[in-house]
Amino acid sequence: MCPHAQILIVEDDRIVALDLQRRLRRLGYPVVELAGTGADAIARALALRPDLVLMDIQLPGALDGWETAAFLRTHLNVPIIYITGVTDPRTLTRACQMAPALLLGKPITDETLHAALGQIMQAPPRISSEAEGHPLSRLLRS
């Protein structure tokens with residue numbers, strides 16, 4: 001992952017989101033934007049085409065982090081780093097099934113964040129022609 005890569009942070013806790021943003025900027029990574037819900041994350045990602053998404057798996061609203069990440073991976077081919085405060089066996093099993101780029105447990109340190117970003121290979125984001133017709137896209141219009 002290049003230091004100039006743009007990152008979308010999807011986190012419903014504003015304090016955690018701003019802390020991640022501060023850490024990323026200090027490490028030399030620009031942050032595209034912050035999103036607090038799945039629908040907001042999809043709308044912002046479709047408009048901004050980030051190079052990477054940091055995704056909290058527990059989000060309020062109709063879409064959780066898993067569903068949001070699945071949409072973004074399918075339609076933007078964007079790598080996802082899941083972040084979570086929940087590391088029970090069920091969550092870890094689901095994370096493995098979702099084939100995340102990485103899963104980071106909270107609290108996240110600068111060292112962990114920097115190492116995770118260094119492990120991600122950049123793949124150019126692509127918007128699929130199917131994105132507009134996807135069932136989740138209706139949430140973007142509401």
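Here are questions and answers about one predicted protein model.

The model is predicted, so local features need pLDDT of at least 70 and side-chain atom pairs count only at pLDDT 80 or more, while totals for chains, interfaces and linings use all residues. Residues are numbered from 1 along each chain as its sequence is written, and side-chain values use heavy atoms, with hydrogens and water left out.

Visitor: In what order do the elements of the protein run from the N terminus on?

Guide: Helices (H or I, at least four residues) and strands (E, at least two) are DSSP runs, numbered from the N terminus. The protein has six helices and five strands. From the N terminus, their order is β-α-β-α-β-α-β-α-β-α-α.

Visitor: Among contacts between residues at least 6 apart in sequence, what percentage joins residues at least 24 apart?

Guide: Contact means heavy atoms within 4.5 Å. The pairs counted here are at least 6 apart in sequence. The share that joins residues at least 24 apart is 68%.

Visitor: Is Thr68 buried or exposed?

Guide: Thr68 sits in helix H3, residues 65-76. Leaving out residues up to four places away in sequence, it touches Gly38, Ala41, Ile42, Met55, Leu59 and Leu63. Buried means under 20% relative accessible area, exposed over 50%, and partly exposed in between (1.4 Å probe, protein chains only). Because its relative accessibility is 0%, Thr68 counts as buried.

Visitor: What distance does H3 reach from its first C-alpha to its last?

Guide: H3 has 12 residues. The expected span of a helix is 1.5 Å times one less than its number of residues. For H3 the expected value is 16 Å, and the model comes close to it, at 15 Å.

Visitor: Which residue caps the N-terminal end of H3?

Guide: A polar contact is a pair of N or O atoms within 3.5 Å; within protein, one must be able to donate a hydrogen and the other to accept it, and residues adjacent in sequence count only if both atoms are side-chain atoms. Here the backbone nitrogen of Trp66 lies 3.0 Å from a side-chain oxygen. That oxygen belongs to the capping residue, Asp64.

Visitor: Where does Arg49 lie?

Guide: Arg49 is another residue other than glycine with a positive phi, near 50 degrees. Its relative accessible area is 45%, so it counts as partly exposed. Its place is the loop between helix H2 (38-48) and E3.

Visitor: Which helix gives the largest share of the lining of the largest pocket?

Guide: A pocket is an open set of points on a 1 Å grid over the protein atoms alone, where a 1.4 Å probe fits, with protein on both sides within 12 Å along at least five of seven lines; lining residues have an atom within 4 Å of a point. The largest pocket holds about 190 Å³ of space. Its lining is Ile57, Gln58, Asp64, Trp66, Val86, Asp88, Arg90, Thr91 and Arg94. The largest share, three residues, comes from helix H4.

Visitor: Which backbone nitrogen lies 3.3 Å from a polar atom of the side chain of Asp56?

Guide: Asp56 is in strand E3, residues 52-56. It is buried because its relative accessibility is 3%. Beyond four places in sequence, its contacts include Asp12, Gly65 and Lys106. The backbone nitrogen at 3.3 Å is that of Gln58.

Visitor: How many Å apart in space are Asp12 and Ala35, C-alpha to C-alpha?

Guide: Asp12 lies in the loop between strand E1 (7-10) and helix H1 (14-26). At 39% relative accessibility, it counts as partly exposed. Asp12 and Ala35 are 23 residues apart in sequence. In space, their C-alpha atoms are 7.3 Å apart.

Visitor: Which peptide bond is cis, with omega near 0 degrees?

Guide: Most peptide bonds are trans. Pro107 lies in the loop between strand E5 (102-105) and helix H5 (110-119). The cis bond runs from Lys106 to Pro107.

Conventions
Points joined across faces, edges and corners; volume = space filled by probe spheres on them.
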